Amino acid sequence: MQDNTIGRGKTSYGDPGFSSFIRRAFSRHMGFDEKDFAKPVIGICNTYSEVNRCHTHFGPIVEAVKRGVLMAGGIPLEFPTISLGEVYTSPTAMLYRNLAAMDTEEMIRAQPLDGVVLLAGCDKTTPAQLMGAASADIPAIMVTGGPMLNGEYEGKTLGACTDCRFYWQEYRAERISDRELEEINQALAPSAGHCMVMGSASTMAACAEALGMMLPGAAAIPAPDNRRLRIAEESGRQIVQLVKDSIKPSDILTYEAFENAIRVLQAVGGSTNAVIHLNAIAGRLGIDLPLELFDVLGRETPFLANLRPAGNYQMEDFFHAGGVPAVMSELSDMLHLSCMTVAGKTLGEHLKTFTRPRHKTYRDIIATLENPLHASGGIAVLTGNLAPNGAVIKPKAASPHLLKHIGRAVVFDSVDDMEARIDDPDLDVRPDDVLVLRNAGPVGAPGMPEAGMIPIPKKLLAQGIRDMVRISDCRMSGTAFGTVVLHAAPEAAVGGPLALVENGDRIELDVQARILQLLVPEEELQKRRGNWQPKMEKETRGYIRLYQEHVLQADKGCDFDFLRPDVHTNK
Ligand code: FES
């Protein structure tokens with residue numbers, strides 16, 4: 001009897017022969033025949049959950065993947081991992097991304113799998129699975145659930161959740177009625193799939209494809225489009241081939257592949273969250289992606305995709321315009337074309353066979369290299385005495401007149417403090433002030449919630465104000481917009497300089513010069529530093545304790561220190 005069976009694996013009871021014997025018996029119990037035992041076993045790592053709306057349509061996708069695996073001669077075995085839905089997970093899905101990544105890694109490693117198909121969708125599941133798969137390093141291919149179809153209200157396209165935020169702000173400003181708000185609410189999420197603007201879910205799907213971990217063209221296919229089922233089936237077939245060819249994530253996720261992904265991120269105006277996630281995925285392989293790299297590549301990479309929240313179109317339109325392959329073919333002179341992909345071909349080989357859809361409408365959605373929407377990419381990195389280790393901003397989703405600004409700080413000490421006071425009629429706040437939110441970073445919140453798009457105070461909304469400079473050590477949704485500086489590192493809760501800001505201090509933002517500066521003399525800051533006391537109460541037990549003790553700062557991807565080989569080895 002072969003030992004290369006579903007019953008194989010390192011687990012033994014001090015007797016490898018007995019281990020194989022008992023596993024074969026248990027495999028037979030599941031209905032497998034002896035002749036199946038030598039076939040490649042493909043795990044389907046499924047993040048489906050009824051509590052995760054963005055994954056509720058995974059059933060047919062799983063079936064399609066299984067069909068592909070079976071047709072290629074493998075054995076598909078589905079298993080669940082933690083599911084993180086952005087909207088329903090408290091206090092923030094980001095708090096559990098690392099837990100999901102550990103779950104994925106350990107379950108891939110523990111089970112007798114030859115390869116794995118990663119099924120992800122909502123924001124955090126995609127990076128979590130890529131992190132886990134990078135560490136487990138057996139052949140892996142990603143299939144995402146795809147974006148929702150466009151919504152529609154009164155002749156206008158609706159997009160979750162850019163329009164969730166936009167219309168909520170209009171409601172707060174008393175520009176739309178309860179009835180209109182309810183009608184919009186009914187139309188915001190019209191189909192299965194993840195958010196359909198270039199938010200974090202769409203961005204991470206695009207990055208997964210650009211990294212080479214997803215079949216070409218897969219990222220943008222709308223969730224209800226049957227081409228998603230076909231690419232799922234194709235992914236099932238391809239994972240069996242990857243096992244035969246022994247192509248592993250470490251063969252695909254090279255430094256050059258990350259440069260490609262950063263360029264795509266910049267060209268599509270993707271979510272700032274991708275800066276954190278790409279860093280975390282790369283870190284699992286000991287690859288360092290300093291924030292300056294994002295900025296350098298962003299300055300060189302033209303902005304091509306006219307997608308909300310920074311542009312006018314949505315993922316369904318992006319798909320019809322050619323999706324990620326169309327962007328990569330425009331950028332091809334800037335990309336590392338020799339990078340291997342899960343299709344078993346190099347990026348260059350794919351792009352050679354790709355033809356962009358020809359209709360000129362598509363040029364409005366994905367611009368050409370010769371005539372880009374903007375000369376530089378969608379994310380800029382700022383530094384200065386307020387964020388010595390960096391902060392990020394999306395200049396194209398900001399108000400141009402605020403990109404160079406000096407204003408008076410209005411400080412909120414926590415998310416709770418901000419929620420309690422932001423609409424207080426007595427709050428001393430003016431339109432040209434800078435709203436500062438602190439103690440909302442990875443350790444402080446904990447979990448770095450998406451609270452960075454601080455609401456404009458109601459009394460200023462009533463004056464017609466729709467944007468202000470906002471600075472925090474937390475994140476914002478990729479679907480959000482405004483002149484919002486995020487991820488200030490180190491964060492306030494660990495003594496970062498945001499902790500030293502006082503109401504009335506002047507803050508300078510100059511995006512062109514990449515400056516974020518607290519205009520307070522250094523001697524005064526020294527004095528404040530000497531008086532600073534941590535405000536945060538640390539958790540004493542469980543996962544949150546582990547999180548607070550080991551999470552890295554935003555510029556290092558917020559992974560746990562002990563999961564990165566470089567950080568771990570340096571200790
Ligand atoms: Fe899941 Fe937006 S809530 S992608």
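**Reading a predicted chain: domain, core and helices**

UniProt, in an unreviewed entry, places the feature "domain: Dihydroxy-acid/6-phosphogluconate dehydratase N-terminal" at residues 39-349.

Visitor: What does the chain look like over residues 39-349?

Guide: This is a predicted model. Over residues 39-349 the chain is 48% helix and 9% strand, and its end C-alpha atoms lie 29 Å apart. The secondary structure of the protein chain comes to 21 helices and 14 strands.

Visitor: How does the radius of gyration of the protein chain stand against that of a compact globule?

Guide: A compact globule with 571 residues would have a radius of gyration near 25 Å; the protein chain has 24 Å, so the two agree. Its C-alpha atoms fill a box of roughly 80 × 60 × 45 Å along the principal axes. Of the 571 residues, 55% count as buried. Among contacts between residues at least 6 apart in sequence, 78% join residues at least 24 apart.

Visitor: Which residues have the most contacts inside the largest nonpolar core?

Guide: The general idea is that nonpolar side chains in soluble globular proteins tend to be buried together. In this structure the largest nonpolar core has 180 residues, and those with the most contacts inside it are Val117, Cys207, Val264, Val327 and Val436. Helix 7 (residues 200-211) gives the largest share of this core, 8 residues.

Visitor: What does Val117 touch?

Guide: Leaving out residues up to four places away in sequence, Val117 touches Ile42, Ile44, Cys45, Val65, Ile141, Val143, Ser235, Gly236 and Ile239.

Visitor: How far apart should the ends of helix 11 be?

Guide: At 1.5 Å a residue, the 12 residues of helix 11 (residues 273-284) should span 16 Å; the end C-alpha atoms are 17 Å apart, which agrees. Just after this helix, Gly286 takes a positive phi of about 75°.

Visitor: Is helix 11 mostly covered or exposed, and what covers its buried residues?

Guide: Helix 11 is mostly covered, with 12 of its 12 residues buried. The buried residues include Asn273, His277, Asn279 and Arg284. Among the elements covering them are helix 4 (125-136), helix 7, helix 10 (255-267), helix 12 (291-300) and strand 8 (387-393).

Visitor: Why does Leu229 count as partly exposed?

Guide: A residue is buried if 20 or more other C-beta atoms lie within 10 Å of its own, and exposed if 12 or fewer do. Leu229 has 17 such neighbours inside 10 Å, so it counts as partly exposed. Leu229 lies in helix 8 (residues 226-245). Apart from residues up to four places away in sequence, Leu229 touches Pro60, Ile61 and Ala64. The C-alpha atoms of Leu229 and Ile61 are separated by 5.6 Å, although the two residues are 168 residues apart along the chain.

Conventions: Residues numbered from 1 in each chain as written. Predicted model: local features only at pLDDT ≥ 70, side-chain atom pairs only at ≥ 80, totals over all residues. Core = buried A, V, L, I, M, F, W, Y, C linked by C-beta atoms within 7 Å. Helix = DSSP H or I, 4+ residues; strand = E, 2+ residues; numbered from the N terminus. Contact = placed C-beta atoms within 7 Å. UniProt positions renumbered as here; feature names shortened; annotations may be inferred. Expected span 1.5 Å × (residues − 1). Rg over C-alpha atoms; globule rule 2.2 N^0.38 Å.
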